[in-house]
Amino acid sequence: MSSMASLLRRRVQVRILTVQKKAFSSSSGEGSTGKRIEKILIANRGEIACRIIRTAKRLGIRTVAVFSDADRESLHVKSADEAVRIGPPAARLSYLNAPSIIEAARRTGAQAIHPGYGFLSESAAFAQLCEDEALTFIGPPASAIRDMGDKSASKRIMGAAGVPLVPGYHGNEQDIDLMKSEAEKIGYPILIKPTHGGGGKGMRIVQSPIEFVEAFLGAQREAAASFGINTILLEKYITEPRHIEVQIFGDKFGNVLHLNERDCSVQRRHQKIIEEAPAPNVANDFRTHLGQAAVSAAKAAVGYYNAGTVEFIVDTISGQFYFMEMNTRLQVEHPVTEMIVGQDLVEWQIRVANGEPLPMNQSQVPLLGHAFEARIYAENVSKGFLPATGILHHYRPVPFSSTVRVETGVEQGDTVSMHYDPMIAKLVVWGENRAAALVKMKNCLSKFQIVSDGSFIGYLWDMINLVAGLPTNINFLQKLAEHWAFESGEVETHFIEHFKDDLFVDPSNLVLANEAYDAAKLSAVLVAACLCEKECCTLKESPPGGKSSLSIWYAYPPFRVHHSARHTMELDWDNEYDSSSSKILALSITFQPDGNYLIETGEENSPGQEVKVTHLGNSDFRVEVDGVSSDVSLAVYSKDQTKHFHIWHGSHHHTFRQRIGLQLSTDDEAAHKPSFEVASHSPGTVVAPMAGLVVKVLVKDGAKVEEGQPILVLEAMKMEHVVKAPSSGYVHGLQIAAGQQVSDSSFLFRVQTHEISLQSPKPNCIILAILAQENPN
């Protein structure tokens, strides 16, 4: 059976390569006009810039990267043939600075500009500017971008073309009273969304009229910050929808076709995190009608050519689909389409820009197997998927193959900054069918290794200190992929909300809590064994007579009189089932005569485990416990007098900490115990949920507020977060102002039940007065 599957896989892979080779060899140069593109400037950053550079190099086309000060050492800069600085970190002063990008193209002699996705990719003004400067814009014409980029105008065009529309308001009038009236006509719940841009930025679900004004104004601010345009449209919110989109492509000869559909229903914060192609549980007739509607939509955008995506919302109750919007660019999730049709869509874009016809017609478009894309983000899942920042100390993606791709714009040592999207990588896998592709995605997620830290945070006169790590969503993606409903293809946009009890940690579930503790203990045992083995290997490799910083305990073989050498170690583990405190795991390691390690936890009814370890090199080990042998990877870094250990084995990934300088390597250890406790916040204290920019402060220090009342608005990575009062009372310590940057977990304000008068104490007594209230004893 396995040999048949292997044969089928090879045949499909050969078919993919053959389709791509035939498609382009048959049309190379045919119908092209003028000089062909020889140098491309990529007006973008990160993984999409690296993606475009890769295809351009394969085609023999030189590339020019642009970068902000924050990206000077980034991977896309290193990958390009040339790179030009275009401004400071803020996107509006760099990647959205059209004149600087045009000037970079002039300076380097680039003939064409590829906008990637995001930033200027859907700017009709930028596309027109390129044309005016005699630069080829690798994308649709400015007129089509203008018509489709305005979601209100595009819906009017689609309605006239007979494409089904969701009921809503798509007018130009933006008076807030009129918008409230239109929302009443549509009927709640409604969806507020910007008329321009995408990526879920500025979208708000409004359940009642009471929420409308705050949501509307917030959507306008976020739209202006992200896209430079703050106009809004309203739509009826479909309560049980699927998000299915169709990849379309057109050439300059009037040919338009679709390349099948993608399902992008699994989302958080209105942003996709797992996409797949084709859509699961879709009948062939539905697929045909959807594709035809997408082609009709593209043709309705007069003169459309190059890549585009027509997005539909599907009502799972009625089975009806409605036009949502058309994105006039390459999508983030385009690789899943490439995997099932065997084509390089960036190459298609370049060839269409060169004036070549599409390499195939609709009847020739294949549908080969199934593909998934999982977006790996630096974000705090438990804090509502808020973006995170930090340095990538250890970054080891899974290996690239014909069926596994990792699209990334970072490498080990890079920083995930607050200025841009927090996506670290896209994991793309292909299989002969959905089940096979899903197995591959689960396996790859378990082997994807990322270790990073956050910034050292100080606040309240440096009296309280926190060390924050950089979280990722990999574990959450694994839970999604392993969920029974996802495995059966029962997806819709509320998937995460509907199955939150399965996907998020429930501290009251004692069975899972015990399983998590047992898994952490095993990982701690493996960490201890691997660390000891690595130190022994280091000592053995030292030159004869050379100096070694390792203690004599690790002499090889270790020597003790009448007993085996022993070592103790304490590792601190953050127990997700008990957020009130971390768990210290005390381990006793005995070096056995045969080179194995006997490791005991000291718990009753918990016998020691004998571990055999082979160091394979760098961070890789082979371990054997209880007759089971497996691969282990261990990453270690030090920060702020603390060592951090990350271990991967099987489907498990655990993190531990150890204070530097407090661990003794002899049998008679002192009673010093590492402690990672931090001073607790006083009741009512509110800290920044993420590093970001203060957009607006809504109340003054000392103001009386009600529970849930908005106090200020933060913006990070183009997403807004409203910080609200945790309880009713008076605001104290609110010293920040609009335009100020704040760090993750830094002090923002405190809400207390009574006023504190700062008039009566003398100025030099104010700090003491506040501290006395916080520490009445």
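The model is a predicted one. Helices α6 and α7 pack with their axes 5 Å apart, five strands form an open sheet with parallel pairing, and F448 sits in the loop between α13 and β22.

**Helices α6 and α7**

- Helix α6, residues 142–149, packs against helix α7, residues 151–160, at an angle of about 95 degrees, and their axes lie 5 Å apart.
- Because angles of 65 to 115 degrees count as roughly perpendicular, α6 and α7 are roughly perpendicular to each other.
- On the α6 side the contact is made by D147, M148 and G149, while α7 contributes K151, A153, S154, I157 and M158.
- Sorted by class, the contact of α6 with α7 comprises four nonpolar, two polar and two charged residues.

**The buried side of α6**

- The residues A142, A144, I145, M148 and G149 of α6 are buried.
- These residues cover an arc of only 160 degrees around the axis, and therefore they lie on the same side of α6.
- An α-helix has 3.6 residues a turn, so residues three or four places apart point the same way.
- The elements that cover the buried residues of α6 include α5 (124–132), β5 (136–137), α7 and β14 (321–327).

**The five-stranded sheet**

- The strands of the open sheet follow the order β3-β2-β1-β4-β5, with parallel pairing, and its edge strands, β3 (82–87) and β5, each pair on one side only.
- Strand β4, residues 112–114, pairs with β5 in the parallel sense over two bridges, and I113 stands opposite F137 in β5.
- Helix α2, residues 46–58, lies across β1 (39–42), β2 (62–68) and β4, and runs at about 170 degrees to β1.

**The loop residue F448**

- F448 is found in the loop that lies between α13 (434–447) and β22 (449–459).
- Since buried means under 20% relative accessible area, F448 counts as buried at its 1% relative accessibility.
- When neighbours within four places in sequence are left aside, F448 is in contact with I376, Y395, R396, P397, V398, V406, A425, I474 and W648.
- Y395, one of these contacts, is 53 residues from F448 along the chain, and the C-alpha atoms of F448 and Y395 are separated by 8.3 Å.

Methods
Residues are numbered from 1 along each chain as its sequence is written. This is a predicted model: local features need pLDDT of at least 70, side-chain atom pairs count only at pLDDT 80 or more; totals for chains, interfaces and linings use all residues. Side-chain values use heavy atoms; hydrogens and water are left out. Axes are lines fitted to C-alpha atoms, for helices over the stretch in contact, and angles run from 0 to 180 degrees between N-to-C directions. Helices (H or I, at least four residues) and strands (E, at least two) are DSSP runs, numbered from the N terminus. Angles under 35 degrees count as roughly parallel, over 145 as roughly antiparallel, 65 to 115 as roughly perpendicular and the rest as oblique. Contact means heavy atoms within 4.5 Å. Ala, Val, Leu, Ile, Met, Phe, Trp, Tyr, Cys and Pro count as nonpolar, Asp, Glu, Lys and Arg as charged, and the others, Gly among them, as polar. Buried means under 20% relative accessible area, exposed over 50%, partly exposed in between (1.4 Å probe, protein chains only). The arc is that of the directions from the helix axis to the C-beta atoms. Two strands pair if DSSP finds at least two bridges between them.
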